[in-house]
Each structure stands twice: as C-alpha cells, then as structure tokens.
Amino acid sequence: MSLPAVDTEYLLDFLTGLLNTPSPTGYAHQAIAYTQQALAAYPDIKLTLTRKGALVAAWQGEHSNSPRALTAHADTLGAMVKEIKSNGRLKLTNIGSLVWNSVETEGCTVFTRHGAAIRGSLLLNKASAHVFGKELTELERNGENMEVRLDVRTVWDDETRGLGIEVGDFIAFDPRVEVTNGFIRSRHLDDKACVACIAAAVKSLHTAGLKPLQSTFIHISNYEEVGHGASAGIPPEVGEVLTVDMAAVGEGQTSDEFHATLCVKDSGGPYHHGLSQRLRDLADEYGIAYKVDTYPHYGSDGEAFWRSGGDAAVALIGPGVDASHNYERTHLEALIATTQWVMAYLMN
Ligand SMILES: [Zn+2]
C-alpha cells in the first residue's frame with residue numbers, strides 16, 4: 001500500500017499558526033490549545049490534558065494489543081523577567097538553553113499576570129554605537145549585559161511595575177516566520193515543525209479513511225526544552241515511543257534541510273536499535289527521503305521518557321533544521337519526508 005498524499009497547504013498553514021503562537025516552556029498552554037483544537041476535528045481521537053499540561057491524543061487503531069506513542073513538543077526557548085531595573089527596563093533569565101546573541105535586537109512580548117501583552121525588544125545595555133563605540137562589539141552577550149526595552153513610556157522601576165509587569169513574567173521572542181521557495185525560516189521550528197508533521201499525518205490518514213495499525217497515543221509535550229517533557233504523560237502500556245524532533249544540520253552532519261533524519265545516537269547515547277532498524281526499512285520501502293545521523297549536543301523527550309523509567313523501545317526522527325536554537329530554517333521537502341515517515345510508521 002502506498003502512502004496517502006501529504007496536504008502541504010494544511011501543513012504550512014498549521015505550522016505558521018503554531019509558530020505565531022507564543023509558547024516558551026512554562027507558558028506553552030496556547031500552543032497546546034492550538035494543537036488540541038486541530039486534533040478535535042477527528043471524532044476517533046480522544047483528547048486529554050495531563051496534570052502537567054501536556055496534550056495526549058488517544059487514537060484508536062485497527063488493533064490495540066501493542067499500543068504505541070508519538071511524542072513532539074510545543075514548548076520553545078524563551079525567557080522570564082528576573083529583575084525590574086532602576087531604568088525601567090527588564091533584566092531576564094533565560095528559559096531552556098536560549099543563547100543570548102541569537103535574540104539580540106529581537107522583538108519580544110512580556111505576558112503579565114493580569115493578561116496584558118506588552119511589546120519590547122532585547123538589546124545590549126550599551127546598544128547605541130554613537131554613545132558606546134567599541135563596547136558595542138566587545139561586550140559579552142549575556143543576561144547581565146542585556147535588557148528588554150519596553151515600547152511603553154517608562155524610565156524607572158515603579159513605572160514599569162505600574163504596567164503590571166512583575167518578576168517571573170514570561171517573555172516570548174518573535175518567531176519572524178517567512179516562507180519562500182519552499183524554505184520555512186523561523187525561530188522555534190524546533191519542535192513546532194514536528195508537531196505540524198504529526199498533525200498533517202493525522203489529517204492525511206483521515207482523508208484516506210485509514211486508521212493506525214495499532215492504537216497510538218500522540219503526546220504533545222510542554223516541558224521538553226528544560227529536559228523533562230515526556231517524563232510524564234506517556235501511558236505505561238506503550239511498547240514503542242517514536243520521538244519526532246528536529247535533526248541537527250551543520251558541518252560534519254549528514255542531516256540537511258531536504259531530508260528527514262533518523263537519529264541513532266545523541267548526547268544521551270544510542271536509541272533503540274530494533275525500532276531504528278524498522279524505521280529505516282519503512283523509509284526504504286516507501287521511498288522516503290532520509291538520512292541517518294548522530295547529534296553531538298542534543299537531548300530529546302524520548303530520553304526524558306527513558307530516564308524517568310519508561311520501558312519501551314524509543315527512536316527519534318525529524319526534519320533537518322539549520323541554525324537550531326537560533327534563527328532556524330528548514331524546507332518543505334524535509335517536512336513532507338517526516339510526515340510520510342510518521343504515516344508509514346502508523347500504518348505498519
Ligand atoms: Zn526539540
């Protein structure tokens with residue numbers, strides 16, 4: 001049996017909407033709700049939220065004697081207000097492994113306790129070239145030397161507090177999504193690209209009137225970027241967990257923006273050999289554009305599941321993402337390949 005066609009328009013629409021939904025780890029509820037709403041279109045999928053806030057979609061399969069799980073994460077890097085400075089600007093603490101220079105001059109939104117969304121941008125404390133000269137290039141980019149300049153009139157801390165801003169408020173950086181010639185350039189393709197691939201796979205199977213071979217739990221995690229997303233929420237009866245997360249593209253890597261990659265080893269060690277072999281066989285059988293790779297600085301929710309005591313075979317696939325945890329980019333071809341691989345896995 002061949003694979004159903006991927007609805008690329010749907011995939012890109014879903015992805016663009018999700019990328020434009022702010023979701024730093026700890027404040028990912030809007031991205032979870034966005035995904036929940038999309039999957040609510042299918043009556044054979046039962047949706048629940050875990051106590052921790054992850055989405056679990058239980059999809060009835062042809063069989064349920066060997067249930068499986070897919071996991072991808074909707075949370076992203078971001079920041080939190082650490083201190084309201086005497087000049088009214090904000091000092092931040094980073095969420096996940098956000099690298100400061102990757103968001104220098106980026107627009108951002110502060111989410112206050114009472115629901116306001118206040119705009120600003122992240123700059124070096126000494127950002128004016130005409131005032132600070134060489135210091136502008138020499139200062140280390142870190143939480144101490146950078147601040148949020150709010151787009152509201154405030155020059156001292158009490159004025160900023162008067163806006164409702166408090167220590168602990170979440171900050172999301174603008175994704176700056178652009179789709180050109182099949183390239184998708186945006187922050188946070190890690191891992192929203194994969195949530196979109198799963199949503200597109202679910203849609204294509206439904207359109208074709210197909211069910212997964214085995215009942216499958218789709219786990220959309222909300223704490224991956226801090227390392228413990230899928231440590232809870234994947235039902236203990238699953239025998240396999242397919243983690244769908246970005247592939248690391250760069251010098252020395254086989255991964256690229258036009259293929260899906262099977263990761264066989266990352267910072268946490270090797271993935272499950274038997275499940276990885278099966279995924280390679282499926283990719284060969286269906287003519288899916290794929291690579292096999294190892295990732296030098298990488299952890300996944302599959303590992304979080306394992307480290308929390310999860311007893312299942314775990315493997316990892318995903319589209320190649322250039323400049324990860326930075327201003328990222330992938331190509332539609334990699335998203336199609338990933339979606340096809342997810343479908344092939346579900347159907348077999
Ligand atoms: Zn990720």
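This is a predicted model: local features need pLDDT of at least 70, side-chain atom pairs count only at pLDDT 80 or more; totals for chains, interfaces and linings use all residues.
Helix H6 covers residues 189-207. At 1.5 Å a residue, its 19 residues should span 27 Å. The end C-alpha atoms of H6 lie 26 Å apart, which agrees with that expectation. Of the 19 residues of H6, 16 are buried, so the helix is largely enclosed by the rest of the structure. Just after H6, glycine 209 adopts a positive phi of about 70°.

Helix H9 runs over residues 332-347 and has 16 residues. From first C-alpha to last, H9 reaches 22 Å, close to the 22 Å expected at 1.5 Å a residue. Burial counts 13 of the 16 residues of H9, so this helix too is largely enclosed by the rest of the structure.

One cavity of 30 Å³ or more is present in the structure. The largest cavity holds about 80 Å³ of space. Its lining includes Leu77, Leu98, Phe173, Arg187, His188, Asp190, Glu225 and His325. By class, the lining of the largest cavity has four nonpolar, four polar and four charged residues.

The largest pocket contains about 460 Å³ of space. A set of 26 residues lines this pocket. Nearest its centre lie His297, Tyr298, Gly299, Ser324 and His325. His325 is also listed in the lining of the largest cavity. Helix H8, residues 301-307, gives the largest share of the pocket lining, with three residues. The lining of the largest pocket divides into eight nonpolar, 11 polar and seven charged residues.

Conventions
Residues are numbered from 1 along each chain as its sequence is written. Side-chain values use heavy atoms; hydrogens and water are left out. Helices (H or I, at least four residues) and strands (E, at least two) are DSSP runs, numbered from the N terminus. The expected span of a helix is 1.5 Å times one less than its number of residues. Buried means under 20% relative accessible area, exposed over 50%, partly exposed in between (1.4 Å probe, protein chains only). On a 1 Å grid over the protein atoms alone, a cavity is a set of points where a 1.4 Å probe fits but cannot get out, and a pocket is an open set with protein on both sides within 12 Å along at least five of seven lines; lining residues have an atom within 4 Å of a point. Grid points are joined across faces, edges and corners, and a volume is the space filled by probe spheres set on the points. Ala, Val, Leu, Ile, Met, Phe, Trp, Tyr, Cys and Pro count as nonpolar, Asp, Glu, Lys and Arg as charged, and the others, Gly among them, as polar.
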